[in-house]
Each structure stands twice: as C-alpha cells, then as structure tokens.
Amino acid sequence: MNDQLHVTRWQRFKEDIYCVFDRDPAARNVFEIVTTYPGVHALTLHRFSHWLWKKGWMWLARFMSTIGRWLTGIEIHPGAKIGRRFFIDHGMGVVIGETAEIGDDCTLYHGVTLGGTSWKGGKRHPTLTNNVVVGAGAKVLGPITVYDGARIGSNAVVVKDVAANETVVGIPGRVVRSQKNPDKKAQEKLAQSVGFDAYGTSTQTPDPVASAIHGLIEHIHLMEKRMDAMCQTIHRLGGELPDVSMPELEGCELEKDTDSTKVD
C-alpha cells in the first residue's frame, strides 16, 4: 500500500506541502500552506506522535495528538498509519481511529470519520489504499477496505468494502454504476490527468436510488402498455373485463437530472 522506499522526514514533509498545490486551487505559495493549512499542521504533528507511539512512549504520543486536536480541530490517533502525500482539506471535525491505515495520495475533507464499529481489540478501523478521495461529512466505518482510486461521496456512510475506482454515495453507501461509452471513458481519463473530483463526486454522478426508481417507473409504463394491448385483444375476442379506473399518480415526479452543488 505505502511506498516502501526509504524517505527522509524532510522529503516526506516537502511532499506533504507540495501535494496541496495539486488538490487545492486556493493554495498560492509554500509560506501560506505552512502557516495557514490545519490539515498540514495536523499531519505534521501526527507524524511526530506516530514516531513516539512506535517507540513505546504511548502517553506522550497521545498528549501530542491531543495538542494537535486543540490546534486544528482534527483528531488523528497516534497509532494510525498514514502514507505519503496525504491531504486533509479544511479539516475541521476529521476523526481517524487507532487502527486506520491510509495509503499514498489520499484526500479527506472536513467532517470525515474513519471510525470503528466494535469495542473489541484488534483491527477496528478502515483501510484506504492509494488515491482514495473521501468527501465532506462521509463516515467510513469498521475494518473494511476502500481500494485504489475509489471515491466516497459527501455524507455517505460506508460499512462494506469498496472496489477499486468505484464511487459510493448515499446512506447506506451504494455504488454508482453507469454505462460508459468510449467517449465517456476518454473524458474521465483526461479529467484524471488534470485533477480529481473534489468531495468524491462530480456533477455527473447519478443518484443510485433515483436511478432505481426511474427504472421501476419505466418498467411499469411498459407493463401498462402491454396490459392495454392484452385488454384490447380480449375485447376483440368477445371477452369481458371489469371497467376499473386506475388512480392518478400526482406529486410523484422525480427530477432525473439535478445539478450537484459543490460546497467549499
């Protein structure tokens, strides 16, 4: 998951700073990032507290992580394992549990929880592999794995493994599946070369619940047409059917295509 090559602390610190330019268009210079970005502050303090944790200085490690929470509003347990070029945007309210593992080039937004679902010891928190984006307010819970390139939409609640390059939205989290033609795949490849979808979703991400409902509605309409044709055939053959009027469906319309509002 993490790069096994030896990287000095100074190189890692520089990577943590310069990766911000790739993921936050508001970043203007290194001085601004070092002095005003709470995500960078929290990560720097965590790297030190994690080093203390591995050395066996548990209380001091927890105390340093508490100082980091006071200063930044971001709570990272010193036992959590975090890879290279990790970025927490905005950051307030982020919680990362003790047994959480985060790979390289991952991004979290404010209000994200990588939490546990059990009071038992052992592995209790999620594993994010590489290039994972978790949107604002999302909750990823339990000893599950979110694989390479996955996207967790804002406010989603995820309690099951997420396959590589999938997008999950909703409560409970559901995988968004869409039919992609070659042109669409080429567009996505170009988008990935330029950047990534902030908050784990884009304006083109469909709502899986709404898509399922629309599929059912279309299926019902087709069934009604077939039933009408069958009724007409029965009448032509001399059969009789009860004349029952169907109730009108009012106020049940769904907007199939809605624009997502990006929060910043």
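How many disulfides does the structure hold? And which salt bridges can you show me, and where do they sit?

Modeller: Keep in mind that this is a predicted model. Let's begin with the cysteines. The structure holds zero disulfides. A disulfide is a covalent bond between the sulfur atoms of two cysteines. C19 is buried, because its relative accessibility is 3% and the cut-off for buried is under 20%. C106 is buried too, at 0% relative accessibility.

Now the charges. A search of the whole structure finds nine salt bridges. Let's take three of them in turn.

Start with D16 and R47. They form a salt bridge, and their closest N and O atoms are 3.0 Å apart. D16 sits in helix α1, while R47 belongs to helix α3, which covers residues 38–54. The two residues are 31 residues apart, so this pair links distant parts of the chain. Both D16 and R47 are buried.

Next come R85 and D105. Their side chains meet in a salt bridge, at 2.6 Å from N to O. R85 lies in the loop between β2 (81–82) and β3 (87–88). D105 lies in the loop between β5 (101–102) and β6 (107–108). The pair therefore ties together parts that are 20 residues apart in sequence. R85 counts as partly exposed, with 21% relative accessibility. D105 is partly exposed as well, with a relative accessible area of 23%.

This pair also has partners. A network of salt bridges links R85 and D105 with E15, R23 and R84.

Look for R124 in the loop between β7 (113–115) and β8 (127–128). Look for E98 in the loop between β4 (95–96) and β5. These loops are parts of the chain 26 residues apart in sequence, and the pair ties them together. R124 is buried, because its relative accessible area is 18% and buried means under 20%. E98 is partly exposed, at 28%.

Finally, turn to the surface. R9, K54, K55 and K81 form a positive surface patch. Take R9 as one of its members. R9 is found in helix α1, which covers residues 9–23. R9 counts as exposed, because its relative accessible area is 64% and exposed means over 50%.

Terms used:
Residues are numbered from 1 along each chain as its sequence is written. This is a predicted model: local features need pLDDT of at least 70, side-chain atom pairs count only at pLDDT 80 or more; totals for chains, interfaces and linings use all residues. Side-chain values use heavy atoms; hydrogens and water are left out. Patches are made of residues with over 30% relative accessible area and no salt bridge: like charges are joined within 9 Å, nonpolar side chains (Val, Leu, Ile, Met, Phe, Trp, Tyr) within 5 Å. Accessible areas come from the Shrake-Rupley method with a 1.4 Å probe; for residues, only the protein chains shown count as cover. A salt bridge is a side-chain nitrogen of Lys or Arg within 4 Å of a carboxyl oxygen of Asp or Glu. Lys and Arg count as positive and Asp and Glu as negative; His and the chain ends are not counted. The place of a charge is taken as NZ of Lys, CZ of Arg, CG of Asp or CD of Glu. Helices (H or I, at least four residues) and strands (E, at least two) are DSSP runs, numbered from the N terminus. Buried means under 20% relative accessible area, exposed over 50%, partly exposed in between (1.4 Å probe, protein chains only). A disulfide is a pair of cysteine sulfur atoms within 2.5 Å.
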